[in-house]
Amino acid sequence: MIISKIEIARMQLDTAIDLFLSDTDSISSLTLAGASEEILGKLLERDGEDSILKMLHAWYEETSGENIKYGEFAQKANLARNCLKHASIKEEDELEIYTWETIAVIMRAMINYKELTNEPSEKMMRMADWIKKNKDTYQTIE
């Protein structure tokens with residue numbers, strides 16, 4: 001099978017959205033969305049464009065006045081995603097994962113996908129509708 005990285009990332013993101021919207025497996029949803037976001041972000045950067053994470057880093061530095069290295073910022077932004085993938089730190093053997101963390105990673109992947117293709121999938125449009133309908137629920141962090 002020959003398949004493009006964009007198609008792989010779209011499939012991962014669409015599956016993450018399915019899992020999230022069906023409320024069946026938020027852990028896999030977060031992990032798949034994170035993998036998709038990372039692939040799409042690297043594709044954008046290879047094309048000389050900024051990923052959403054790079055844009056958020058610049059925005060954070062500008063609005064907070066804090067000078068933080070991109071790697072440190074990305075590590076903090078990806079903490080939940082990375083804790084789900086690795087088991088090197090004993091203190092992370094038990095985790096508390098919040099719904100907003102999954103939503104944030106899905107949204108970041110959707111933005112990267114839109115930047116690359118300008119054509120969101122039907123599932124991405126359903127997720128955007130869900131976000132609009134539920135925006136008041138997640139305005140404050142759990």
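**Entry 1: a charged patch**

I started with surface charge in this predicted model. Asp47, Glu49, Asp50 and Glu115 gather in a patch of negative charge on the surface. I picked one of them, glutamate 115, and looked up where it sits: helix α6, which covers residues 99-117.

**Entry 2: salt bridges**

Next I looked for opposite charges. Side chains of opposite charge can pair when their charged atoms come close. How many salt bridges are there? The count comes to 7 salt bridges.

I began with helix α1. Arginine 10 and glutamate 7 meet there through their side chains, in a salt bridge with an N to O distance of 2.5 Å. These two residues both lie in helix α1 and are 3 residues apart, about one turn of the helix. Glutamate 7 has a relative accessible area of 29%, so I put it down as partly exposed.

Then I checked aspartate 14. Its side chain meets that of arginine 10 in a salt bridge, at 2.5 Å from N to O. Aspartate 14 and arginine 10 are 4 residues apart in helix α1, so about one helical turn separates them. Is aspartate 14 buried or exposed? I found it buried, because its relative accessible area is 7% and buried means under 20%.

Putting these notes together, I have Glu7, Arg10 and Asp14 linked in a network of salt bridges.

I also looked up a salt bridge between arginine 81 and glutamate 38, where the closest N and O atoms are 3.3 Å apart. Which parts does this pair tie together? Arginine 81 lies in helix α5 (residues 79-85) and glutamate 38 in helix α2 (residues 26-46), so the pair ties together parts that are 43 residues apart in sequence. I checked the cover on both ends. Arginine 81 counts as buried because its relative accessibility is 8%. Glutamate 38 has 37% relative accessibility, so it counts as partly exposed.

**Entry 3: aromatic rings**

Rings came next. A pair of aromatic rings is described by the distance of the centres and the angle of the planes. I searched the whole structure and got 3 aromatic pairs. One of the pairs is phenylalanine 20 with tryptophan 130: the ring centres are 4.9 Å apart and the planes stand at 90°, so I logged the pair as edge-to-face. The angle settles that, because planes over 60 degrees apart count as edge-to-face.

Phenylalanine 20 is buried, with a relative accessible area of 10%. Tryptophan 130 comes out as partly exposed, at 22% relative accessibility.

I then looked at tyrosine 98 and tryptophan 100. Their ring centres are 6.4 Å apart and their planes are at 15°, so this pair is stacked. The cut-off here is an angle under 30 degrees. Tyrosine 98 is partly exposed, with a relative accessible area of 24%, and tryptophan 100 also counts as partly exposed, at 28% relative accessibility.

**Entry 4: positive phi**

On to the backbone. Most residues other than glycine have a negative phi. I went looking for exceptions. Aspartate 23 has a positive phi of about 55°, although it is not a glycine. I found aspartate 23 in the loop between α1 and α2. At 69% relative accessibility, aspartate 23 counts as exposed.

Asparagine 118 went on my list too: its phi is near 60°, a positive value in a residue other than glycine. Where is asparagine 118 found? It is in the loop between α6 and α7. Its relative accessibility is 56%, so I noted asparagine 118 as exposed.

**Entry 5: one distance**

Glutamate 45 is found in helix α2, and it is partly exposed, with a relative accessible area of 29%. How far is glutamate 45 from glutamate 61 in space? From C-alpha to C-alpha I get 20 Å, for two residues that are 16 residues apart in sequence.

Terms used. Residues are numbered from 1 along each chain as its sequence is written. This is a predicted model: local features need pLDDT of at least 70, side-chain atom pairs count only at pLDDT 80 or more; totals for chains, interfaces and linings use all residues. Side-chain values use heavy atoms; hydrogens and water are left out. Patches are made of residues with over 30% relative accessible area and no salt bridge: like charges are joined within 9 Å, nonpolar side chains (Val, Leu, Ile, Met, Phe, Trp, Tyr) within 5 Å. Accessible areas come from the Shrake-Rupley method with a 1.4 Å probe; for residues, only the protein chains shown count as cover. A salt bridge is a side-chain nitrogen of Lys or Arg within 4 Å of a carboxyl oxygen of Asp or Glu. Lys and Arg count as positive and Asp and Glu as negative; His and the chain ends are not counted. The place of a charge is taken as NZ of Lys, CZ of Arg, CG of Asp or CD of Glu. Rings of Phe, Tyr and Trp (its six-membered ring) pair if their centres lie within 6.5 Å; planes under 30 degrees apart count as stacked, over 60 as edge-to-face and the rest as tilted. Buried means under 20% relative accessible area, exposed over 50%, partly exposed in between (1.4 Å probe, protein chains only).
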